[in-house]
Amino acid sequence: MKGKFITVEGTDGSGKTTFINFASEYLKSKGYKVITTREPGGTEFSEKVRELLFDTSNNIDAKTESLLFCASRRDHIMKKIIPYVKEGYIVICDRFVDSSIAYQSYGRSLKKQDIIDINSYATDGLTPDLTLYFSVDVSVGLARTKGRGENNRMDLEGLTFYKNVKKGYDDLSKEYSERIKVIDANKPYKDVEKEGLNILEGFLSNGF
């Protein structure tokens with residue numbers, strides 16, 4: 001089987017990370033070769049960049065942030081995503097370029113086309129085969145993340161920031177509806193899990 005590159009997107013508290021862990025084990029039980037990864041991160045270099053990006057003591061501007069995400073992403077693609085896809089793996093990645101557009105453009109107010117352009121350069125135009133977007137109301141998501149542990153730099157943003165980020169995801173899901181499949185993550189997790197799995201299995205069986 002040819003490898004597949006699948007991304008999972010959504011704001012915090014959407015349940016996407018829990019679903020990634022579940023889907024990975026489920027697909028492995030069905031005989032698929034699966035590897036999960038995340039952004040920023042996924043390689044030794046990219047995990048170090050992640051530490052810089054999320055350290056609350058680092059006061060970096062929006063453009064610096066966006067460029068660090070791209071540097072991390074490039075290393076991740078070259079050392080992990082592409083090699084595993086070539087080996088026939090299903091690579092499931094927690095966040096990818098869609099998150100940069102949502103967070104850096106809609107959230108940080110950088111020009112959308114600039115974010116698209118620098119990411120196109122960093123990725124050589126690599127696009128996921130499928131994206132699952134776990135759409136959750138911002139208030140619901142933030143309520144779920146309370147008491148989750150220490151906050152990183154991104155967690156310190158206000159409600160308006162996260163509402164803008166969600167609008168970014170919503171716009172992207174309409175613009176790229178063939179690739180991005182929306183899941184109502186406001187529902188109980190078991191319902192969300194079932195819907196996500198149905199989409200995933202349908203994709204792997206038919207490729208849409």
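Please keep in mind that the model is predicted.

- Just after α4 comes S109, which takes a positive phi of about 70°.

**How α3 packs on α4**

- Two packed helices are described by the angle between their axes and the distance between the axes.
- For α3 and α4, that angle is about 175° and the axes are 11 Å apart.
- Angles over 145 degrees count as roughly antiparallel, so α3 is roughly antiparallel to α4.
- On the α3 side, the residues in contact are E65, S66, F69 and R73; on the α4 side, they are V97, S99, S100 and Q104.
- Sorted by class, this contact has 2 nonpolar, 4 polar and 2 charged residues.

**How α1 packs on α8**

- Helix α1 covers residues 16-29 and helix α8 covers residues 189-206.
- Their axes come within 11 Å and cross at roughly 50°, which makes α1 oblique to α8.
- Is the crossing left-handed or right-handed? α1 passes α8 in a right-handed crossing.
- From α1, the contact is made by T18, F19, F22, A23, Y26 and L27.
- From α8, the contact is made by Y189, E193, G196, L197, L200, E201 and L204.
- By class, the contact of α1 with α8 has 9 nonpolar, 2 polar and 2 charged residues.

**Salt bridges across the chain**

- D12 and R95 meet through their side chains in a salt bridge, at 3.3 Å from N to O.
- D12 sits in the loop between β1 and α1, while R95 sits in the loop between β3 (90-94) and α4. The two are 83 residues apart, so to speak distant parts of the chain that the pair links.
- Both D12 and R95 are buried.
- E65 and R108 also form a side-chain salt bridge, at 3.0 Å from N to O.
- This pair links helix α3, where E65 is, to the loop between α4 and α5, where R108 is, and the partners are 43 residues apart.
- E65 counts as buried because its relative accessibility is 1%, and buried means under 20%.
- R179 forms a salt bridge with D98, with the closest N and O atoms 2.8 Å apart.
- Because R179 lies in the loop between α7 and β5 and D98 lies in helix α4, the pair ties together parts that are 81 residues apart in sequence.
- R179 counts as buried at 14% relative accessibility, and D98 is buried with a relative accessible area of 5%.
- Salt bridges that share partners join E65, R108 and E157 into one network.

- K16 has its place in helix α1 and counts as buried at 7% relative accessibility.
- Leaving out residues up to four places away in sequence, K16 touches V8, E9, G10, D94, R95 and F134.
- K16 and S135 are 119 residues apart in sequence, and their C-alpha atoms are 9.5 Å apart in space.
- D75 has its place in helix α3 and counts as buried at 13% relative accessibility.
- Setting aside neighbours within four places in sequence, D75 is in contact with T43, F45, S46 and K80.

Notes:
Residues are numbered from 1 along each chain as its sequence is written. This is a predicted model: local features need pLDDT of at least 70, side-chain atom pairs count only at pLDDT 80 or more; totals for chains, interfaces and linings use all residues. Side-chain values use heavy atoms; hydrogens and water are left out. Axes are lines fitted to C-alpha atoms, for helices over the stretch in contact, and angles run from 0 to 180 degrees between N-to-C directions. Helices (H or I, at least four residues) and strands (E, at least two) are DSSP runs, numbered from the N terminus. Angles under 35 degrees count as roughly parallel, over 145 as roughly antiparallel, 65 to 115 as roughly perpendicular and the rest as oblique. A crossing is left-handed if the near helix is turned anticlockwise from the far one by less than a right angle, and right-handed if clockwise. Contact means heavy atoms within 4.5 Å. Ala, Val, Leu, Ile, Met, Phe, Trp, Tyr, Cys and Pro count as nonpolar, Asp, Glu, Lys and Arg as charged, and the others, Gly among them, as polar. A salt bridge is a side-chain nitrogen of Lys or Arg within 4 Å of a carboxyl oxygen of Asp or Glu. Buried means under 20% relative accessible area, exposed over 50%, partly exposed in between (1.4 Å probe, protein chains only).
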